Amino acid sequence: MTLHADRIARLWPALLAALVSGVAVFVNGLAVRRFDDATVYTTAKNLIAGLLLGGVLVAVTSRSRTHEPAPTAAEWPWLALVALIGGAVPFVLFFEGLSMATSTDAAFIHKTLVVWVAIGATAALGERVGPLHVLAIALLLAGHAIASGGVSLAGSGTGEALILAATLLWAVEVLLVKRLLTTVSPSWAASARMLGGSMFLLAWLAIRGDLAALVAFDTNQAAWLVLTGTTLAVFVSLWDRALALAPATDVTAVLVVGAAVTAALNTGFRGVPVTADTAGYLLLLLGAAVVLARQSPTDRSPADA
């Protein structure tokens, strides 16, 4: 199978996003334990990410007004929808579900994002999902299930349902953003998602009567928020740039590899043994290799035309 260097190069932001995602999962796993309320934590973290992305966007556009053109009036309602279903509601659903479900089941359900995106991209974006896609997705999901120590889903209930709902919303967001990125720059899309999503989350905290919690963090908690917020900002920036360059199915498939990064960090910094799960990580890497191998001149989806 002949590899095509130009098409493989278009996946480099996705590979970087997977790397950052793996780091983010590890860091968030440590950080969330420092907070009493997961929704307050994710609101503060997302707000920091949004402010960072917005600040970078302002700095870029102030230097060159033509470099990052603002969205049109017709595009803003769609960006608001992205903020709601990508930067707000699923975060609440996911963290609430995570408090009820096992971490391994929750992680596996979230990784099924690639399946829903593949289905949606075929129907809504005209992307072709061929045998290599199916093989890559099967390898990635099997690898993640093995690497995480097994997935039961036997006692699935409210927690798992909330996580699945969050995952489905993120899948819809991927399809919508992929479509918007034909006319909207990745910087505007990322900023709108996180800043707009933070506004929705702040409104939710106001309804709950928990806004005061956002100014009650101690120094240690504030430091964790800066770290996780910055990591999230970098991830979202890379993620939207990846979607602008490559098919949504390929980008989402590569993201699953972040699980191997998280595992390596858990092993290096927390002493979590990895030898028993080596086969899982090899399957993850093999799945990513299949995605890269698929980037041949003869396998060109309509989305790439």
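Predicted model: local features only at pLDDT ≥ 70, side-chain atom pairs only at ≥ 80, totals over all residues.
Which residues form one aromatic cluster? The residues F35, Y41 and F217 do.

## Aromatic pairs

Across the whole structure, a search finds 6 aromatic pairs. One of them joins F35 and F217, whose ring centres are 5.6 Å apart and whose planes stand at 80 degrees, an edge-to-face arrangement. F35 is located in the loop between α2 (12-31) and α3 (38-63), while F217 is located in the loop between α10 (186-208) and α11 (219-245); the pair therefore ties together parts that are 182 residues apart in sequence. With a relative accessibility of 9%, F35 is classed as buried. F217, by contrast, has a relative accessible area of 24% and is partly exposed, because the limit for burial is under 20%. Both residues belong to the aromatic cluster that also includes Y41.

A further edge-to-face pair is made by F91 and W170: the ring centres are 5.3 Å apart and the planes are at 85 degrees, and the angle places the pair in this class because edge-to-face applies over 60 degrees. This pair also links distant parts of the chain, with F91 in helix α5 (residues 89-98) and W170 in helix α9 (residues 158-180), 79 residues apart. Both F91 and W170 are buried.

## Salt bridges

The structure contains 3 salt bridges. In one of them R208 is paired with D37, and the closest N and O atoms are 2.5 Å apart. R208 belongs to helix α10 and D37 to the loop between α2 and α3, so that distant parts of the chain, 171 residues apart, are linked. R208 is partly exposed at a relative accessible area of 27%, and D37 is likewise partly exposed, at 25%.

R208 also forms a salt bridge with D210, where the closest N and O atoms are 2.6 Å apart. D210 has a relative accessible area of 23% and is partly exposed. Through R208, which bridges to D37 and to D210, the residues D37, R208 and D210 are linked in a network of salt bridges.

Another salt bridge brings together the side chains of E173 and R193, at 2.7 Å from N to O. E173 is in helix α9 and R193 in helix α10, so this pair ties together parts that are 20 residues apart in sequence. Both of these residues are buried, whereas R208, D37 and D210 are partly exposed.

When residues up to four places away in sequence are not counted, E96 touches T39, L162 and R208. R208 is the residue that forms salt bridges with D37 and with D210. E96 and D37 are 59 residues apart in sequence, and their C-alpha atoms are 9.6 Å apart in space.

The relative accessible area of S191 is 5%, and the residue is buried. Its contacts, leaving aside neighbours within four places in sequence, are L53, G54, L57 and G196.

Rolling a probe the size of a water molecule over the atoms shows where empty space is left. In this model there is 1 cavity of 30 Å³ or more, and the volume of the largest cavity is about 60 Å³.

The lining of the largest cavity consists of S21, H110, K111, L113, V114, T252, L255 and V256. Helices α6 (103-111), α7 (113-125) and α12 (248-255) each contribute at least two residues to this lining. Sorted by class, the lining comprises 4 nonpolar, 3 polar and 1 charged residues.

Definitions and conventions. Residues numbered from 1 in each chain as written. Heavy atoms only, no water. Phe/Tyr/Trp six-rings, centres within 6.5 Å; stacked < 30°, edge-to-face > 60°. Helix = DSSP H or I, 4+ residues; strand = E, 2+ residues; numbered from the N terminus. Buried < 20%, exposed > 50% of the residue type's maximum accessible area, 1.4 Å probe, protein only. 1 Å grid on protein atoms, 1.4 Å probe; cavity = no way out; pocket = protein on both sides within 12 Å on 5 of 7 lines; lining within 4 Å. Points joined across faces, edges and corners; volume = space filled by probe spheres on them. Nonpolar A, V, L, I, M, F, W, Y, C, P; charged D, E, K, R; others polar. Contact = heavy atoms within 4.5 Å. Salt bridge = Lys/Arg side-chain N within 4 Å of Asp/Glu carboxyl O.
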